[in-house]
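Visitor: I would like a close look at one helix and what surrounds it. Could you walk me through it, starting from a single residue?

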Amino acid sequence: MEPQDTVEFSGVWSPDEVEQFLTETTVPIRVSCRTPGDDLWMLSLWYEYADGEFRCATGADADIVEFLRSTADVAFEVSTNDPPYRGVRGRGTASLGPDHDKAQLKRLLNRYLGGTDSSLAESLLSPDRAEVRIRITPEKLYSWDFSERMRDFESD
């Protein structure tokens with residue numbers, strides 16, 4: 001069974017168009033969750049979309065790790081930052097796991113920075129820094145696209 005067979009899709013794009021957008025777009029995913037005190041929290045993470053799931057990484061001591069251990073339910077959005085605005089939002093479940101060899105982090109550094117040859121990458125890949133893999137399995141994906149109504153704002 002394909003992962004997208006278990007996901008509810010709605011909005012303007014087909015499941016294949018959603019996958020193409022999520023694979024090609026390199027803006028962070030905005031993730032909303034609940035804290036252990038049941039307050040709302042939102043943050044942005046680098047992601048890759050593969051096999052029907054979002055794959056992220058963060059430091060093991062990041063607040064989001066504690067929050068997701070408490071409650072795995074999340075909402076999220078990946079959307080363009082410049083007109084015409086378009087994107088995908090949804091909800092799902094997050095799971096955590098170690099990224100001992102930092103393979104996930106290295107893939108994200110390549111995706112967002114074009115490699116690991118930078119001071120930021122060096123800092124993130126430090127042997128003293130423990131890394132956690134976050135996987136978000138979507139249950140619902142909703143696509144939206146304002147390209148038509150914002151056609152006067154398209155950049156050249």
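Guide: Happy to. Let us begin with Asn-110, which is partly exposed at a relative accessible area of 43%; buried means under 20% relative accessible area, exposed over 50%, and partly exposed in between, using a 1.4 Å probe and protein chains only. A word on the source: this is a predicted model, where local features need pLDDT of at least 70 and side-chain atom pairs count only at pLDDT 80 or more, while totals for chains, interfaces and linings use all residues. Residues are numbered from 1 along each chain as its sequence is written, and side-chain values use heavy atoms, with hydrogens and water left out.

Asn-110 belongs to helix α3. Helices (H or I, at least four residues) and strands (E, at least two) are DSSP runs, numbered from the N terminus. Setting aside neighbours within four places in sequence, Asn-110 touches Gly-115 and Thr-116, a contact being heavy atoms within 4.5 Å. Ala-75 is 35 residues from Asn-110 in sequence, and their C-alpha atoms are 26 Å apart in space.

Now to the helix as a whole. α3 covers residues 103-113, and its buried residues are Gln-104, Leu-105, Leu-108, Leu-109 and Tyr-112. These residues cover an arc of only 135° around the axis, so they sit on the same side of α3; the arc is that of the directions from the helix axis to the C-beta atoms. What do the buried residues of α3 pack against? Their partners are β4 (48-50), β5 (53-59), α4 (119-124) and β8 (131-145). After α3 comes Gly-114, with a positive phi near 80°.

A polar atom of the Ser-143 side chain lies 2.9 Å from the backbone nitrogen of Trp-13. Beyond neighbours within four places in sequence, the contacts of Ser-143 include Ser-10, Gly-11, Val-12, Val-18, Gly-87 and Val-88.

Finally, the setting. The protein has four helices and eight strands, running β-α-β-β-β-β-α-β-β-α-α-β from the N terminus on. Buried residues make up 40% of its 156 residues. Of the contacts with a separation of 6 or more, 71% join residues 24 or more positions apart. The C-alpha atoms fill a box of roughly 50 × 35 × 35 Å along the principal axes.

Terms used: Polar contact = N/O pair within 3.5 Å; in protein donor to acceptor, adjacent residues only side chain to side chain.
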